[in-house]
Amino acid sequence: GPGAGGDLPFFGSVLRRADCVRRCEEPRLGAVSRHRAAEEVRADFQRRVPYSYLQRAYIQLNKLEEAANAAHTFFMANPEHMEIQQDLENYKTTSGKVSLIDREARQHMEDYSAGVRHYDKEEYELAIEFLERALKGYYSEDEDCQIMCEGPQRFEEHEYLDYKAGLYEAIADHYMQVLACKHNCVRELATRSGRISPIENFLPLHYDYLQFAYYRVGDYVKALECAKSYLLFHPDDEDVLENAGYYEGLLEGAVDPATIKPRKEAKTLLRRHKLESHLLQVAAAGLGYAYTEPNYWNRYGARQDEHSVPSSISSEPEDGPRLSLTKKPMPKPDRELKEGGPLLYSDVKFVYNSQQLNGTQRVLLDNVISEEQCRELHRVASGIMLAGDGYRGKTSPHTPNERFEGATVLKALKYGYEGRVPLKSARLFYDISEKARRIVESYFLLNSTLYFSYTHLVCRTALSGQQERRNDLSHPIHADNCLLDPEANECWKEPPAYTFRDYSALLYMNADFEGGEFIFTEMDAKTVTASIKPKCGRMISFSSGGENPHGVKAVTKGQRCAVALWFTLDPLYRELERIQADEVIAMLDQEHLGPSEMNINPKDEL
């Protein structure tokens, strides 16, 4: 209150609470440790690195079940880790263990995923049971998250002991740290363990699934309650507004729809979240506190089921609700998607477009290079490839049943200059990769330059004596610019994925091998949507995101060779070796072939 000593009641309340917390904490948890784990240690635990060591330890103790669960727990946070993926396949084969346990699973996430699976199977009673349990767990976890934020905070801009601010500045600074942590609980609870990116629209989606599930089991009161709860987050969602109106019509004469309110816990959380946001923005404006308001409830975080908007119900149904059926919604693209541009070269033959390949931003072409060019390129490959080149020296990076060999454009030109392969043949590798780039840029009607981000000539060879009873892939299902997470039906655009890649292409050189088909799948990494048999001159190109999960079936006999190309629209991520190769080509064109002018370092290779 105003006047001298008016703030004493407030500080008296603060002191009493601090005393209560301390008397409660120390007897139950012990004295607060002065030790703080290093950031590297925290990062390792966040990525579940200890489980990788645990797996090896359990193997040494011959405890295969515990080893499998440890491997699975590590893999859930590191889906790009190919060796662990292969280990898991081996566990399933050798021990017959199919059901694996994630030791770090968050129960509200597990219940949510189970609810969605039952919803997709139209098992609405079970979907409701799991989704309601997920909501209960979410709000319980939210309460814990809020409490944990009241612990010690790190002051990022200064050392606490040297801090010279006055009383109210110090209180405001510390409280803003606490408040930002509490405000971030929305992100924390929507992020799977080991991941960085949250599931978009996570909390509202619970109510969106539930409103339709309750309708399908005939509980219109609950359906309307959940629809109104969802509309708290997205009041302008036309589909759910239409649903709510339909539910009100079903209840007319039996229950007054106005008496059915959104759920109290949803209203409370949203009101608190908005107030937190307001205070943080006030601090940012008036106190110089660095803050940007995120939005984790974007409506493009849509439900991943077989309906364009499963909640969309016709207002004039013939026999109840009518759903508009379409393909599963795909990840939101970063830009407007187009295709069907000119192929630029008269000999290139169009085969299939995206629709015919059951996907988005896909094209299959033939005759990109001739039979003679395939043979010449294969001869170049035989002379310059090294086992493990392009795979950090690993000769079998994706499967122990095949040997991988590769080479880059710059390496080919270097070998051509040294006379180890014909210079004309080395230049062919450069020229056809540029031809592929121009075709991709033109066909997908890109309004900016497409740059090389990596160019790799790669052959994979089936190893004799290791092909019987193979159940693995030559290259596991993945996406090129994000980490595919089939269980979450997500593709996380974060490191170590090559997030800057925008388009990919594979130009095949031969067909005289067995297996090795290129496949596209749904995001579940299981449902094949298209299968392509390689042959000389055939090229498949596609956008590099989660809309195009793909892999390669096992090569069981012979050698499969291709030129793998990845492109970016961001010049910042241009391939360094390509820039060097461009300079070499420019000098060759001017017939300046002196070693000093070529500026090729013999060690310039991956």
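The model is predicted: local features need pLDDT of at least 70, side-chain atom pairs count only at pLDDT 80 or more, and totals for chains, interfaces and linings use all residues. Residues are numbered from 1 along each chain as its sequence is written, and side-chain values use heavy atoms, with hydrogens and water left out.

**Overall make-up**

- The chain has 18 helices and 15 strands. Helices (H or I, at least four residues) and strands (E, at least two) are DSSP runs, numbered from the N terminus.
- Of the 606 residues, 47% are buried. Buried means under 20% relative accessible area, exposed means over 50%, and partly exposed lies in between (1.4 Å probe, protein chains only).
- Take contacts between residues at least 6 apart in sequence: 73% of them join residues at least 24 apart. A contact means heavy atoms within 4.5 Å.

**Confidence**

- The average pLDDT of the chain is 81, and 81% of the residues score at least 70. pLDDT is the predictor's confidence in each residue, from 0 to 100.
- Residues 157–161 have pLDDT below 50, and this stretch has 3 contacts in the model beyond near neighbours in sequence.
- Residues 304–333 also have pLDDT below 50, with 64 contacts in the model beyond near neighbours in sequence.
- Where pLDDT is low, the predicted coordinates should not be read in detail.

**Helix H15 against helix H17**

- H15 (residues 409–417) packs with H17 (residues 576–589) at an angle of about 35 degrees, and their axes are 8 Å apart. Axes are lines fitted to C-alpha atoms, for helices over the stretch in contact; angles run from 0 to 180 degrees between N-to-C directions.
- H15 contributes Val 409, Leu 410 and Leu 413 to the contact, while H17 contributes Glu 577, Arg 578, Gln 580, Ala 581, Val 584 and Ile 585.
- These residues divide into 6 nonpolar, 1 polar and 2 charged. Ala, Val, Leu, Ile, Met, Phe, Trp, Tyr, Cys and Pro count as nonpolar; Asp, Glu, Lys and Arg count as charged; the others, Gly among them, count as polar.
- Thr 408 sits in the loop between strand E4 (402–407) and H15. Thr 408 is buried, at 1% relative accessibility.
- The side chains of Thr 408 and Glu 577 make a polar contact of 2.8 Å. A polar contact is a pair of N or O atoms within 3.5 Å; within protein, one must be able to donate a hydrogen and the other to accept it, and residues adjacent in sequence count only if both atoms are side-chain atoms.

**Salt bridges**

- The count is 22 salt bridges, each a side-chain nitrogen of Lys or Arg within 4 Å of a carboxyl oxygen of Asp or Glu.
- In helix H16 (residues 423–443), Glu 434 and Arg 437 are 3 residues apart, about one helical turn. Their salt bridge has its closest N and O atoms 2.9 Å apart.
- Arg 437 also forms a salt bridge with Glu 441, at 3.1 Å between the closest N and O atoms. Glu 441 and Arg 437 are 4 residues apart in H16, about one turn of the helix.
- Arg 437 is buried at 12% relative accessible area. Glu 434 is partly exposed at 23%, and Glu 441 is partly exposed at 22%.
- Shared partners link the salt bridges of Glu 132, Lys 222, Glu 225 and Arg 263 into one network.
- Arg 420 and Glu 418 form a salt bridge at 3.1 Å, N to O. Glu 418 is partly exposed, with 39% relative accessible area.

**Helix H3**

- The buried residues of H3 (residues 49–60) are Val 49, Tyr 51, Ser 52 and Gln 55.
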